[in-house]
Amino acid sequence: MKVTVYTKSNCVQGEQTKKQFDKLGIAYEVVDLEQNPLLLDGFKERGLLAAPIVTTDTKEWSGFRLDKIKSL
């Protein structure tokens, strides 16, 4: 399963999300939203308004969501 964390610099929730993935041994890719503003527009259109935004093959959510992280 591919997991991507879209975040920005100095994002506390993004750091917590990555820390939980590391703790659980879940591999992920990080994409900087500040370097990819077009991605941010697409996420906003889908109602994902808070960083970090996490996407997998079947799920997506925004913000630090320990319940969603553990569900992976």
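User: Let's start with Asp67. Which residue does Asp67 form a salt bridge with, and how far apart are the closest N and O atoms?
Analyst: Asp67 forms a salt bridge with Arg65, and the closest N and O atoms are 2.9 Å apart. Keep in mind that this is a predicted model.

User: Is Asp67 buried, exposed or partly exposed?
Analyst: Asp67 counts as partly exposed, at 47% relative accessibility. Arg65 is partly exposed too, with a relative accessible area of 31%.

User: How many salt bridges does a search of the whole structure find?
Analyst: Four. One of them joins Glu29 and Lys2, with the closest N and O atoms 3.8 Å apart. That pair links distant parts of the chain, 27 residues apart. Glu29 sits in strand β2, and Lys2 in the segment before β1.

User: And how accessible is Lys2?
Analyst: Lys2 is exposed, at a relative accessible area of 51%. Exposed means over 50%, so Lys2 qualifies with its 51%. Glu29 is partly exposed at 38% relative accessibility.

User: Which side chain meets Glu15 in a salt bridge?
Analyst: Lys18 does, at 3.0 Å from N to O. Both residues lie in helix α1. They are three residues apart, about one turn of the helix.

User: Is Lys18 buried or exposed?
Analyst: Lys18 counts as buried, at 15% relative accessibility. Buried means under 20%, so a value of 15% puts Lys18 in that class.

User: OK, on to α1 itself. How many residues does α1 have, and how far does it reach?
Analyst: Helix α1 covers residues 12–24, which is 13 residues. From its first C-alpha to its last it reaches 19 Å. That is close to the 18 Å expected at 1.5 Å a residue.

User: Which residues of α1 are buried?
Analyst: Gly14, Thr17, Lys18, Gln20 and Phe21. They cover an arc of only 160° around the axis, so they fall on the same side of α1.

User: Where does Asn10 lie, and what is its phi?
Analyst: Asn10 lies in the loop between β1 and α1. Its phi is near 60°, a positive value in a residue other than glycine. Asn10 is exposed, with a relative accessible area of 80%.

User: Which residues does a cis peptide bond join?
Analyst: Ala51 and Pro52, with omega about 0°. Pro52 has its place in the loop between α2 (37–45) and β3.

User: New topic, aromatics. How many aromatic pairs does the whole structure hold?
Analyst: The search finds two. In one of them, the ring centres of Phe21 and Tyr28 are 5.6 Å apart. Their planes stand at 35°, so the pair is tilted.

User: Why tilted and not stacked?
Analyst: Stacked needs planes under 30 degrees apart, and edge-to-face needs over 60. The planes of Phe21 and Tyr28 are at 35°, so this pair is tilted.

User: How accessible are Phe21 and Tyr28?
Analyst: Phe21 is buried, with a relative accessible area of 0%. Tyr28 counts as partly exposed, at 25% relative accessibility.

User: Now the threonines. Where is Thr56 found, and is it buried or exposed?
Analyst: Thr56 is in the loop between β3 and β4. Thr56 is buried, with a relative accessible area of 12%.

User: Which backbone nitrogen lies 3.1 Å from a polar atom of the Thr56 side chain?
Analyst: That of Thr58. Leaving aside neighbours within four places in sequence, Thr56 is also in contact with Met1, Lys2, Val3 and Leu72.

User: And Thr4, where does it lie, and what is it in contact with?
Analyst: Thr4 lies in strand β1. Thr4 is buried, with a relative accessible area of 4%. Beyond its neighbours within four places in sequence, Thr4 is in contact with Glu29, Val31, Ile53, Val54 and Thr55.

Methods. Residues numbered from 1 in each chain as written. Predicted model: local features only at pLDDT ≥ 70, side-chain atom pairs only at ≥ 80, totals over all residues. Heavy atoms only, no water. Phe/Tyr/Trp six-rings, centres within 6.5 Å; stacked < 30°, edge-to-face > 60°. Buried < 20%, exposed > 50% of the residue type's maximum accessible area, 1.4 Å probe, protein only. Helix = DSSP H or I, 4+ residues; strand = E, 2+ residues; numbered from the N terminus. Expected span 1.5 Å × (residues − 1). Arc of directions from axis to C-beta. Polar contact = N/O pair within 3.5 Å; in protein donor to acceptor, adjacent residues only side chain to side chain. Contact = heavy atoms within 4.5 Å.
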